[in-house]
Every structure is written in structure tokens, then in C-alpha cells.
Amino acid sequence: MAAKVSPSSWEELPPVLLGRVLRCLPSLADRVRVRAGAPVHCPSILRKDALTEVFGYLAFDNLAFLVDHDGNCSLTNPITGETLPLTKLAPAVRRAIDGSRAFGPAYIQKGYVKAVISSPLDLVPDPLVAVLILEGYSLAISKQLDAVCISMPPELEKATGSAMIDDIAFLHGKLYALTPHEGLYLIELDASRLSELKSSSCFRQCIADDPKQQEIYSTNKHHPGPEYLVMRYLAESNGRLLLIRRWMFIPQNARLGDHDRTFQFEVFVADLATVPGRWTKVDSFGGQALFLGSECSKSVLASQCADGIEEDCIYFMHRVFDNPCREHFGPCVDPLADSGVYNMRNGEFKPLVLDAVMAELKRKRQFLTWFFPADE
């Protein structure tokens, strides 16, 4: 009689084979659900035992941006384990912290907000990596052996009314920055001489700031009540640069991240053919689907994804890590928080994942982010 063979675990797959499986799926983040009813998995590079030397990480495209307990930074492919050290980035961030009155030494580990890359690692061995740091008040730009930190120069800060950068994105190898008042700036740089870059001369305005644009809108200016928060994202989509406004309802006295709910999206494309440029409203992605998040936003061709990914839809999540919201203490009752799928054509929302998947996610005490396995 033949011996009974136990079914193999997905975790036993070699990284290369697991990567091939993942490439066929519209993957949700650190945990990937590889078949119907299967458990939710975390890539080995991000499991608890592998994170003992890692203080924090950001995920974007098919990479993890890792920061160790000494503040050293690197890029790692969680599937293949390929790593690109960014040896000059941490010293540049330390210099930015030393020159700031608002941020202390702890920010060398926790001050990273978002990372983007100019080209995939398999196409360019030493691409530009841009990292939004210090809550958006500085921008770090790095290659393997060079790095610099810049910030909004005083004259621009005075003109725009803000020293912050809301979001960053690469388009055709060029780095762009979005301000809270929806100004768009091209960061003019020489990749061969990053350390010589000066804040006073590298910000070139493409679209003017609009002082009427706010972050928080009150329903009643004279009496306390519910408020509306507008979060703004910058994303490349099929050769275009998009501004996404995300309207969120916040009940009175609620903490951000606990009860906020998205009720509307507006999408604009940067028209850079005119001087000055302008934002033009659009209601279609031209066959693309947009995955939106504070750490990672990416547009993909819906027809090349697995069944169920719809064009002209925004797949969104919103996680808040830096306040004592309920996910940090006790059971993780809402791992996706404010999440869903928004259809740009009819303005309707639907859940991001099935109830069965959500039930499994609720048993995990891990946070989610988007992850996109590279094409072969």
C-alpha cells in the first residue's frame, strides 16, 4: 500500500517558484493569498525572525526598503533575496536631522515615509532611489555610493505657504514632488553628482500651488462637527502623472485611523505641455487600475492581471502607524481599516477582499501594503 503523502505547504516552495506563482496574482502586500481558502503568508524576508535586525520597512513595486537598528538602509527583493545596500543614505539623513530643530536622533530609524525608484533593479543596476523623510519636510535621493537630502527652500516655502512635500513619483526617469496645495515641482538633478545638489536651485515649478486647496474642511465653521480630510497622492500611470484627491469623513473627536472613511475620489492628469502647467480632471485610466496607498501607489494594466481586477478602478487602503490606534493594542480587529475598491465610472464602492479573506486577516497582527511581483 502506498504511503499517504501529506500535501506540501506553499511556504515550502523555493523562492523562484513562489515568485512565478506571485506573478500570476494581483497580490495584496506582505501576505499573499496564493489559492482559494489558503492561509495568508508573509514573505520570509519580512517574517518576525527575519526582522530581528530590521527596525522598519517600506514596500513599493516588488521591493522592500529596509532600515536596520543602526539606521542603515537597503533595498531587498522579498522573493529572491537580492539586496542593494544604500550605504550613503543614512549619513545624508543624519545630516538632515542634525540641521533640523524639530526632529531628534530617533528619526534616523523611523523617519522614512515613502520610497520610489527610477527604474527596476533588473533593468538598471544602480537606479536612483528617492525617499520622503521627516514627515515630508525633507527628501532624500540616493544611489549606492552617493546621497543627498534636500528640502523646500525658504523662498518657495513662503510662496507656497508650506514646507512639506505630500508625495513623490518618477515619470520617465525624472523625479516630481507634490505639495499640500497641489503644486507640482520637478527636482532637477545630476545623478552623477548627487552630493552637490542644493535645495535652493533644484526645485522647478511645473504647476503652481493653489492656496484654496486645504487638507481639512469643516462642515460648520462656527460650531464643532464632523470634518473632511483630503489626502493627496502622486502616481505615474501609463506615461502620465496623476494627482489623486481622496476625500475622507472624520467623525467629531475621532482619531485618524480609527473611524475615518473614504467617500469620494477625484483624479487629475498633469498637463505639462502648457506654461504654466495645469491639472486636468479625468474619469478614466485608459484600461489601467490604480492601487493606492500612503507607502506605495502603482498603476497596472487591468487586462494583464488575474481575473477580478477591473479597469478604471482605484484599489485603496489606509493605514496609520504613528498613533495609539486600536490595531496596536489588543486584537487586530480591522487590518485593512479604511479600504475598498472605487469605480471611477459610476462612483460606487465595494469591499477590497472577500469576507473569508478578511476573517483570516483579522487573526493576523501584521500590517498590509501593496506588493507587485515583477514580470519575467
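Predicted model: local features only at pLDDT ≥ 70, side-chain atom pairs only at ≥ 80, totals over all residues.
Four strands make it up, in the order E11-E12-E13-E14. The sheet is open, and its pairing is antiparallel. Which strands stand at the edges? They are E11, residues 167-171, and E14, residues 203-207. Each has a single partner strand, so one side of each is left without a neighbour in the sheet. From one strand to the next, the twist averages 30°.

Now look inside the sheet. Strand E12 covers residues 174-178, and strand E13 covers residues 184-187. These two pair in the antiparallel sense over four bridges. Pick out Leu175 and find its bridge partner in E13: that partner is Ile187.

Next come the rings. The structure holds 14 aromatic pairs. One of them joins Phe291 and Phe372. Their ring centres are 5.4 Å apart, with 75° between the planes. This pair counts as edge-to-face because planes over 60 degrees apart fall in that class. The two residues come from distant parts of the chain, 81 residues apart. Phe291 sits in strand E20, residues 288-292. Phe372 belongs to the segment after helix H6, which spans 355-361.

Elsewhere, ring pairs build a cluster. Its members are Tyr217, Tyr228, Trp247, Phe249 and Phe263.

Turn now to charge. Side chains of opposite charge can pair when their charged atoms come close. The structure holds 14 salt bridges. In one of them, Arg245 meets Glu182, with 2.6 Å from N to O. This pair links distant parts of the chain, 63 residues apart. Arg245 lies in strand E17, residues 240-250. Glu182 lies in the loop between E12 and E13, two strands of the sheet described above. Both partners are buried: Arg245 has 12% relative accessibility, and Glu182 has a relative accessible area of 4%.

Arg245 and Glu182 also take part in a network of salt bridges. Arg232, Glu266 and Lys281 are linked into that network with them.

Strand E17 supplies another partner, Arg246. Its side chain meets that of Asp338 in a salt bridge, 3.3 Å from N to O. Asp338 lies in the loop between strand E22 (313-316) and strand E23 (340-343), so the pair ties together parts that are 92 residues apart in sequence. What is the relative accessibility of Arg246? The value is 0%, so Arg246 counts as buried. Asp338 is buried as well, with a relative accessible area of 3%.

One more salt bridge joins Arg345 and Asp312. Their closest N and O atoms are 2.9 Å apart. Arg345 is in the loop between E23 and strand E24 (349-350). Asp312 is in the loop between strand E21 (298-301) and E22. The two residues are 33 residues apart. Here the partners contrast. Arg345 counts as exposed, at 57% relative accessibility, whereas Asp312 counts as buried, at 3%.

Conventions. Residues numbered from 1 in each chain as written. Heavy atoms only, no water. Pairing = 2+ DSSP bridges. Axes fitted to C-alpha atoms, helices over the stretch in contact; angles between N-to-C directions. Phe/Tyr/Trp six-rings, centres within 6.5 Å; stacked < 30°, edge-to-face > 60°. Salt bridge = Lys/Arg side-chain N within 4 Å of Asp/Glu carboxyl O. Buried < 20%, exposed > 50% of the residue type's maximum accessible area, 1.4 Å probe, protein only.
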